Amino acid sequence: MCSGEAMKPLPFLVLLSLFGALSCTPPASIATFAESANAAIAQGPPVFADIYESCARRQAVEGRVAPNYRHADRGRTQNPAKPSDSSVCAAFVPEVKELEEVSSVLSAYFQAIQNLAAFDETSVSGEAEKTGEGISAAAIFSTNQADAVSKLSELITRALTDHYRRNKLKELLIAADPHVATVSQALDAIVSKDYDSLLEEEERAVNRRYQETGVTNDAAIILLLNRAYREDNDALQRRRTAAKAYSTALRQARDGHHKLAAGVAQMNNKEISLALKPYIDQLRALALSLQTQP
Amino acid sequence: MFDPADQARQIAAVFARMSRSMDAYIRNHFEELSPNQLDFLNDVTQRLDDAHDRFIAMAIRGTIDALKDDLSELASITGRAEQALKHLNKVAEVAKIAGALAELCADITTADFGAIPSALVNLAKILPETG
């Protein structure tokens with residue numbers, strides 16, 4: 001046991017450095033951010049699947065409308081229904097599957113970061129406290145001394161595991177940042193440019209067909225066509241909204257990750273939490289809106 | 001730098017522009033066109049749309065192909081994160097064993113012989129989990 005005035009600063013310094021190390025506990029917001037990013041990215045597969053579906057719908061649109069309305073065939077000398085070129089849409093099948101795999105790699109990364117950031121250090125420090133209690137009892141310390149030893153065991157263990165965890169997170173976030181950026185940018189480009197272009201083409205095809213079949217004075221047919229047109233158009237707009245939400249989610253995940261990777265070494269827990277909050281809120285809202293898309 | 005995905009996207013955009021022009025023509029001359037002319041123009045438009053779709057598929061393929069290195073890096077970093085978590089879990093298991101051993105030592109040292117069997121049972125419970 002320590003005795004004398006000269007030894008007093010030592011336990012104080014030890015405790016100070018332990019508390020310093022404990023303030024390095026990775027903030028819960030890292031786990032929350034990774035969880036929100038993962039939840040939003042996981043909504044990708046239905047959007048990817050619609051890349052093929054959009055092509056197939058465009059191919060089918062004439063066959064779907066024309067046979068139902070005799071006016072669609074007014075005065076034609078040949079069959080207007082062009083057989084659908086299934087090979088065009090078939091080209092999207094492997095791409096859709098691979099896009100799902102790409103997004104699953106990104107999801108797995110965010111899941112792993114979430115698990116690491118959310119690791120419950122009390123599972124270690126609680127046991128260390130028990131160990132301290134056991135050792136204190138074995139050494140037959142006084143109650144106060146035994147309590148101090150067990151608390152110190154807990155603090156040391158927690159400081160060591162937290163330090164390890166924080167360093168690992170910092171290392172991994174920095175290493176992954178350029179790859180997260182490239183992969184999310186690529187998925188964003190595919191959804192916001194390529195898929196959007198397919199939806200725009202589908203919309204034009206739908207408008208073309210309704211314009212052609214809508215040439216009639218029959219009020220009942222006009223009513224039915226209007227209703228069908230509105231439904232088709234609404235469905236297209238919902239898909240556009242989902243695509244935009246997914247693109248925004250990818251951008252939020254990328255930007256939030258970059259901010260975290262750039263600041264994890266310098267920012268304290270409060271600063272990290274404040275920096276991540278807007279991204280977490282946006283990602284949660286986007287994941288929810290994507291889940292509710294029909 | 002040559003980017004096959006971007007080039008395919010640019011070509012797809014050219015076909016989309018042509019298709020839009022055809023659409024505009026059909027819309028503006030709809031009343032004057034005979035059904036056969038309309039069919040012909042619709043057929044041309046659809047072929048332009050097909051060409052657009054083919055180049056979009058090529059753009060997607062090119063984009064995915066360009067991601068190979070980034071994906072393998074990301075997968076490897078994910079593996080490292082999982083390893084770090086395994087390491088922490090192992091530390092937790094070791095701490096459990098140390099706790100049980102300390103409990104046993106305490107019971108022996110303090111001559112609390114009645115508690116030794118339960119301390120042994122606790123230790124035995126933990127050991128298979130960590131094996």
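In what order do the elements of chain B run from the N terminus on? I read them as α-α-α-α. The model is predicted, so I kept local features to pLDDT of at least 70 and side-chain atom pairs to pLDDT 80 or more, while totals for chains, interfaces and linings use all residues. Residues are numbered from 1 along each chain as its sequence is written, and chains are lettered from A and ligands numbered from 1 in the order in which they are written.

**Chains.** I counted four helices and zero strands in chain B. Helices (H or I, at least four residues) and strands (E, at least two) are DSSP runs, numbered from the N terminus. Chain A has nine helices and zero strands. Next I looked up burial: a residue is buried with 20 or more other C-beta atoms within 10 Å of its own, exposed with 12 or fewer, and partly exposed in between, with C-beta atoms placed from the backbone. Of the 294 residues of chain A, 43% are buried. For the 131 residues of chain B, the figure is 34%.

**Contacts.** I took two residues as in contact if their C-beta atoms, placed from the backbone, lie within 7 Å. In chain A, 82% of contacts between residues at least 6 apart in sequence join residues at least 24 apart. In chain B, 62% of the contacts with a separation of 6 or more are between residues 24 or more positions apart.

**Helix pair.** I checked helix 5 (residues 92-117) of chain A against helix 2 (residues 35-65) of chain B. Their axes come within 10 Å and cross at roughly 35 degrees. Axes are lines fitted to C-alpha atoms over the stretch in contact, and angles run from 0 to 180 degrees between N-to-C directions.

**Core.** Which residues touch the most other members of the largest nonpolar core? I found Ala40(A), Ile113(A), Tyr246(A) and Ala249(A), in a core of 75 residues. Such a core is a set of buried Ala, Val, Leu, Ile, Met, Phe, Trp, Tyr and Cys residues joined through C-beta atoms within 7 Å. Helix 7 (residues 143-213) of chain A gives the most, with 13 residues. Beyond its neighbours within four places in sequence, Ile113(A) contacts Ala34(A), Leu172(A) and Ala81(B).

**Ser34(B).** I located Ser34(B) in the loop between helix 1 (4-28) and helix 2 of chain B. Is Ser34(B) buried or exposed? Ser34(B) is exposed, because 12 other C-beta atoms lie within 10 Å.
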